[in-house]
Amino acid sequence: MTTATTMKKSEAARRVRRALLFVLSLLLVAGVWEIYKTVGPEAGGKIFGWKLLPRSNNHAMPHVWDMLTRYNRPELRGSDRKIWSVVLAGAWFSFRLALVGFAIGSTLGLGLSILMARFKIAERGILPYLVVSQTVPLIALAPLVVSWGGKLHIAGWTWPRWMSAAVLGAFLAFFPVAVGALKGLTSAPSASLELMDSYAASWWQTLRKLRFPAAIPFIVPSLKLAASASVIGVVVAEISTGLKGGIGRLIIEYAREATSDPAKVFTAVFGAAVLGLAMSGFVTLADMYMMRNRPKEASA
Amino acid sequence: MSAVEITNISKAFNLGSSNQVDALTDINLSIASGEFVSLIGPSGCGKSTLLRLIANLIEPTSGNLVVKGKSAKQARLDQDYGMAFQQSGLFEWRTVAKNIELPLELKGWDKAKRHERALEMLELVKLSDFAHHYPWQLSGGMQQRVAIARALAVHPSLLLMDEPFGALDEMTREHMQSELLSICRASGTTVVFVTHSIPEAVYLSNRVVVMSPRPGRVTEIVDVSIEGERNDATRDNAAFFKGITAVREALRGVEMSDHVRGIEDR
């Protein structure tokens, strides 16, 4: 009992320490940013003839303080909407799309991995295409998905515009899940498989009772990758399909104003970063729940 | 009725290819119900292969195998035997009780009934306090006891064990041997037991089957006749030492051919 409470206490202390470290690292990045601004060359610089050093003027690198205070000023001159609420709304919009993309992508990835684990021939037939699929640039794919989607009319249901962005998020998200889960599903030790054989367990029983639980430590990191991939997919898709309302659209809009209002684009960039963090935090919570009873060194 | 009837069994791996390995040739062995039989021999003699054939985890190349009066496959489908390996093979995501329930779950038992059986099994291996622990919270010896409880959960009349105590320290090992014997005595279980250890084989068995490699075959079957119930005092018994000597002699003719690397030496 006492050991359990001390363990809980040290666990809490560890969390606090980690949170502090995170804040500290943010401050460190901000500090390095500001230091470079004071010592770095205003108009950029060359190292061995290569233009490597970024410009440190206020247009290219606004002060951290300016970026932060920008959140509390209106989006447009004369508008009464503060930019933080615009960025927040955009992030929330994209978050929902990314979530849909993540759900579609990981379901598809999991399904493919089960198919490949079940039939060796499917693995040989499908896996190369999966790899190739990831080399297709998303920007090339985006207009295709939009036009295919636009042609879909199933029983009165029409393809909403946001669905294209979610599908493109799913397109990036399914790959790590398919590959990671396949590795996990085939990771069960042969002794355990033999044990299931000795019980005359069917393939599905073996999948449910052995292969799938054994695959969890492989699936979770792949879900983390999928979470951030779905965010990237959605953001890029918003930009290349011209979908309004999301954080990707804000980034491209604000970037046009970079010369007059350089801090503005950063507010949207940070919004996208927070969005990615929220997605992977979501998976981390799921991870902690699923791995709560496993030996600690096995958790990834 | 004999529990296992092995007639002219042979097993070759990679049959017909250039790297064909004759793991077993022409094995004949009859194991009576309630008997404790050990398979012993150097690596590569096919003792694990023989056990896997009985378990129907692999199919023989030729010969006839009858387990519990039916084909080995039918015996496996009917879960007529329980099996335990050198690695306990417990599922780390299941509690001790849930691990023991696994074979019952697969058989479609209802929840209350299988939990009751799991607790009964835990009492048998003296781990009642650990039902809701996870395997990784247990010592190696305790894990192996759970694995044995799992193997016994369906109340099989035949127990197949592949070096189940191989990874344990000597003290735990001797303790587990005595416990296994008392469990089997109480339940009348037939046991086929693969081991590397001569004292272990002699202490546990009614008969020790000595095997030789390349190709795997039975060279001798040593009867162990120790009077009365076996317990720790048995280890100082003259009959025990006589058995050890007999098995060692039988192995001596075997072991010393050139260095043999096992194809199946788990």
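What follows is a set of questions and answers on a predicted model.

Trainee: What radius of gyration does chain B have, and what would a compact globule have?
Mentor: Chain B has 266 residues, and a compact globule with that number would have a radius of gyration near 18 Å. The C-alpha atoms of chain B fill a box of roughly 50 × 45 × 35 Å along the principal axes. The radius for chain B agrees with the globule value, at 18 Å.

Trainee: How many helices and strands does chain B have, and what percentage of its contacts with a separation of 6 or more comes from residues 24 or more positions apart?
Mentor: Chain B has eight helices and ten strands. Of its 266 residues, 44% count as buried. For contacts in chain B with a separation of 6 or more, the share from residues 24 or more positions apart is 70%.

Trainee: Which strands stand at the edges of the open sheet in chain B?
Mentor: Four strands of chain B form this open sheet, in the order β2-β1-β4-β5, with antiparallel pairing. An edge strand has a single partner, so one side of it is left without a neighbour in the sheet. In chain B the edge strands are β2 (21–32) and β5 (70–71).

Trainee: Is Val154(B) buried or exposed?
Mentor: Val154(B) is found in the loop between α5 (140–152) and β7 (158–162) of chain B. A residue needs 20 or more other C-beta atoms within 10 Å to count as buried. Val154(B) has 20 such neighbours inside 10 Å, so its class is buried.

Trainee: How far apart in space are Val154(B) and Leu104(B)?
Mentor: Leaving out residues up to four places away in sequence, Val154(B) touches Gln79(B), Gly82(B), Pro103(B), Leu104(B) and Lys107(B). Val154(B) and Leu104(B) are 50 residues apart in sequence. From C-alpha to C-alpha, their distance in space is 6.7 Å.

Trainee: In chain A, what pattern do the helices and strands follow along the sequence?
Mentor: Chain A has ten helices and four strands, and its C-alpha trace spans about 70 × 65 × 50 Å along the principal axes. Of the 300 residues of chain A, 35% count as buried. Read along the sequence, the pattern is α-β-β-α-α-α-α-β-β-α-α-α-α-α.

Terms used. Residues numbered from 1 in each chain as written. Chains lettered and ligands numbered in written order. Predicted model: local features only at pLDDT ≥ 70, side-chain atom pairs only at ≥ 80, totals over all residues. Helix = DSSP H or I, 4+ residues; strand = E, 2+ residues; numbered from the N terminus. Rg over C-alpha atoms; globule rule 2.2 N^0.38 Å. Buried ≥ 20, exposed ≤ 12 C-beta atoms within 10 Å, placed from the backbone. Contact = placed C-beta atoms within 7 Å. Pairing = 2+ DSSP bridges.
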